[in-house]
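Dear colleague,

I am handing over the structure we spoke about, with the sequence alongside.

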Amino acid sequence: MFNVNDITITSLETITAFDIATGNFKFVLDELQNATIAQSQEKTDITGKQGRKLTSLKRNKGVTISGNNGMVSGGLLEVQTGGEFENKLTTVMWTDYLCVSDNKATTTYKAVGTEGNEIESVYVKNADSTLGKKLTQGAATEEGVFTYDPATKVIAFHDGEVKDGAEIVVYYFRQIKADVLTNMSDTYSGKCALYVDAFAEDKCANVYRIQFYIPKADFNGEFSFEMGENQTVHAFEAESMSGACGNTCGGVGNALWTYTIFGVNTEDAEVKAPVPGGEDLGE
């Protein structure tokens with residue numbers, strides 16, 4: 001038995017999530033910038049004559065796990081939104097910047113939509129690169145109207161309306177197969193079991209591994225992606241709940257978390273026989 005009174009957590013490694021009911025892997029956060037495990041507890045003073053404190057009533061212990069991952073995690077998004085990624089056919093808006101030649105231009109991809117209305121809009125760029133005249137799709141070319149052939153991806157303009165070499169901006173939808181997560185208004189954030197792994201050292205520079213196990217983490221559905229000049233960070237927050245199913249945390253169903261510390265070279269314990277609750281399996 002080593003002294004665990006004085007320990008320094010030197011690095012945060014990963015947070016790994018599993019389905020509470022099935023035990024299936026859900027996601028791992030391995031680019032963690034930071035993480036916090038915060039504990040709270042309510043205390044109500046029991047008072048006597050003239051407000052003297054006689055004792056206190058302690059209740060509603062709570063644990064919150066929060067942090068920031070340096071990369072956007074698809075698995076974490078699923079838990080936060082209550083949705084699931086699907087690999088399926090979908091449409092995306094696309095923008096082409098094209099040059100006109102011989103009253104024609106060709107889209108990079110095939111535009112999709114109702115027949116005769118595949119292109120959302122075409123704009124002719126002004127000399128200062130702002131969007132100028134808007135053209136619409138029709139059955140035949142005429143002033144202000146172009147045609148589009150999805151088979152050849154060719155846009156045809158009315159004779160002389162758009163000069164050769166002119167730059168146009170084309171907005172249209174294209175169909176692709178992609179991974180899609182739909183954030184439905186009537187589905188909510190989920191729960192999972194979490195393992196938080198870190199490295200630590202004692203005063204003598206002995207290295208240890210630390211693992212927090214949260215058997216039932218209820219994720220907050222409130223999060224934001226800050227996009228712009230700075231790196232996009234995937235923030236998360238979850239609250240540890242008691243009453244996890246099964247013999248979790250050594251058989252204690254109302255445990256909020258367990259804290260396990262062991263040497264990095266700790267060998268497997270010799271298991272004598274299964275013990276109800278999972279405690280004291282080895283020497």
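**Salt bridges, sheet and rings**

Lys 88 is partly exposed, with a relative accessible area of 32%. Please bear in mind that this is a predicted model, and that what follows was computed from it.

Lys 88 meets Glu 86 in a salt bridge, at 4.0 Å from N to O, and Glu 86 is likewise partly exposed, its relative accessible area being 44%. In the structure as a whole there are seven salt bridges. Another of them joins Lys 133 to Glu 161, where the closest N and O atoms are 2.7 Å apart. Because Lys 133 lies in strand β8 (residues 131-137) while Glu 161 lies in the loop between β10 and β11 (167-180), this pair ties together parts that are 28 residues apart in sequence. Lys 133 counts as partly exposed, at 39% relative accessibility, whereas Glu 161 counts as buried because its value of 18% falls under the 20% limit. Salt bridges with shared partners bring Glu 143 into one network with Lys 133 and Glu 161.

A further salt bridge is formed by Asp 6 and Lys 203, with 3.6 Å between the closest N and O atoms. Asp 6 belongs to the segment before β1 (8-18) and Lys 203 to the loop between β12 and β13, so this pair ties together parts 197 residues apart in sequence. Asp 6 is partly exposed at 36% relative accessibility, while Lys 203 is exposed at 71%.

Turning to the strands, there is an open sheet of seven strands in the order β5-β11-β7-β8-β9-β10-β6, with mixed pairing. Its edge strands, each of which pairs on one side only, are β5 (86-99) and β6 (104-106), and from one strand to the next the twist averages 30°. Strand β6 pairs with β10 (residues 154-156) in the antiparallel sense over three bridges, and here Lys 104 stands opposite Ala 156 of β10.

Lys 191 is found in strand β12 (residues 191-201) and is partly exposed, with a relative accessible area of 41%. Leaving aside residues up to four places away in sequence, Lys 191 touches Ile 20, Lys 216, Ala 217 and Asp 218; the C-alpha atoms of Lys 191 and Ala 217 are separated by 5.4 Å, although the two residues are 26 apart along the chain.

As for the aromatic rings, the count of pairs with centres within 6.5 Å comes to ten. In one of them, the rings of Phe 212 and Trp 257 have centres 5.3 Å apart and planes at 75°, so the pair is edge-to-face. Phe 212 is in strand β13 (residues 207-219) and Trp 257 in the loop between β14 (234-240) and β15 (258-263), which puts the partners 45 residues apart. Phe 212 counts as buried at 13% relative accessibility, whereas Trp 257 is partly exposed at 30%. Phe 223 and Phe 225 also form an edge-to-face pair, at 5.6 Å centre to centre and with 65° between the planes. One aromatic cluster is made up of Phe 18, Phe 25, Tyr 195 and Tyr 213.

Finally, Arg 174 has its charged end over the ring of Trp 94, at 4.8 Å from the ring centre, and also lies over the face of Tyr 109, at 3.5 Å from that ring's centre.

Key. Residues numbered from 1 in each chain as written. Predicted model: local features only at pLDDT ≥ 70, side-chain atom pairs only at ≥ 80, totals over all residues. Heavy atoms only, no water. Phe/Tyr/Trp six-rings, centres within 6.5 Å; stacked < 30°, edge-to-face > 60°. Helix = DSSP H or I, 4+ residues; strand = E, 2+ residues; numbered from the N terminus. Buried < 20%, exposed > 50% of the residue type's maximum accessible area, 1.4 Å probe, protein only. Lys NZ or Arg CZ within 6 Å of the ring centre and 35° of its normal. Pairing = 2+ DSSP bridges. Axes fitted to C-alpha atoms, helices over the stretch in contact; angles between N-to-C directions. Contact = heavy atoms within 4.5 Å. Salt bridge = Lys/Arg side-chain N within 4 Å of Asp/Glu carboxyl O.
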